[in-house]
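This briefing goes through one structure by topic. Please look over the sequence and the model before reading on.

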Amino acid sequence: MQTSFLKKEILLNDKSGILTYFPNFFSCSYLEDLKNSIPWEEKLITLFGKTHLQPRLIYFMGDPDISYSYSRDTYLASSWNKYVLEIKDIIQEFLNFSFNSCLCNYYRNGQDSMGWHADNEKELGSNPTIASISFGAKRTFSYKNNLERFSFDLEDSSLLIMSGAFQHNYKHSLPKRKHAEARINLTFRNIKALN
Ligand SMILES: O=C(O)CCC(=O)C(=O)O
């Protein structure tokens, strides 16, 4: 892959965390291939004692025996999808870093969203590097600490890398939008076995 002409935006780079954005990372969109080949699931989530359907479809995949617990649920990784594996190989080569799992999110329209959270589960280790890839509709990504809140757009075929202490110092979310077409987000993670 030719990477020397890639546009790179450093949105945050200090001891509180690192956010690096590549707006046109992929030259083609995998939206339709991912939409049609992943067996998307609608899952429940319990928040503040109430159980709801998560406002998006998800699918968790990864190496054998990888499991990930968040929002009080444990997900055992399903086997890799061929397109996700192809994308993983490209990202790994670019970052010189390997991932063993991917949480896939399918936002069907502007009503689908992701609430405020940090990816700070123990099995991600401290200061995890997470590669987040977007295909389809442009959506706003927001992040905040106790003092400030920031937002920017995640565009089709883009790559966002969250690293350093970002997950310790900020929460992030993908708010609802009045009108939005379908969007798929892949977040590649490296999950460690907990003893
Ligand atoms: O869809 C997005 O860009 C956000 C995904 C996200 O925050 C996550 O999977 O933890």
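Which residues of the largest nonpolar core touch the most other members? The model is predicted, and in it Met61, Cys102, Cys104, Leu160 and Leu186 hold that position among the 38 residues of the core.

- Two or more residues of the core come from each of strands S2 (17-22), S5 (57-62), S8, S10 (130-136), S11 (139-144), S13 (158-163) and S15, and from helix H2 (82-95).
- The most is given by S8, with five residues.
- Leu186, one of the residues that touch the most other members, is in contact with Val84, Ile87, Cys102, Cys104 and Ile133, leaving aside residues up to four places away in sequence.

**Ligand shell**

- Around the ligand are Leu103, Asn105, Met114, Asp119, Ser132, Phe141, Leu154, His172, Leu174, Asn185 and Thr187.
- Strands S8 (101-107), S14 (171-174) and S15 (183-189) each give two or more residues to this shell.
- By class, the shell holds five nonpolar residues, five polar residues and one charged residue.

**Open sheet**

- Four strands form an open sheet in the order S9-S14-S11-S12, and their pairing is antiparallel.
- S9 (114-117) and S12 (149-154) are the edge strands, each pairing on one side only.
- From one strand to the next, the twist averages 15°.
- Six bridges join S11 and S12 in the antiparallel sense.
- Thr140 has Asp153 in S12 as its bridge partner.

**Single residues**

- Asp33 lies in helix H1 (residues 31-37).
- Asp33 counts as partly exposed because it has 18 C-beta neighbours inside 10 Å, and a residue needs 20 or more to be buried.
- The C-alpha atom of Asp33 is separated by 9.7 Å from that of Val84, and the two residues are 51 residues apart along the chain.
- Asp65 is placed in the loop between S5 and strand S6 (67-70), and its phi is near 70°, a positive value in a residue other than glycine.
- Asp65 is exposed because 9 other C-beta atoms lie within 10 Å, where the limit for exposed is 12 or fewer.
- Asn127 sits in the loop between S9 and S10; this residue, which is not glycine, also has a positive phi, near 50°.
- Asn127 has 14 C-beta neighbours inside 10 Å and therefore counts as partly exposed.

Terms used:
Residues numbered from 1 in each chain as written. Predicted model: local features only at pLDDT ≥ 70, side-chain atom pairs only at ≥ 80, totals over all residues. Near = placed C-beta within 6 Å. Nonpolar A, V, L, I, M, F, W, Y, C, P; charged D, E, K, R; others polar. Core = buried A, V, L, I, M, F, W, Y, C linked by C-beta atoms within 7 Å. Contact = placed C-beta atoms within 7 Å. Pairing = 2+ DSSP bridges. Axes fitted to C-alpha atoms, helices over the stretch in contact; angles between N-to-C directions.
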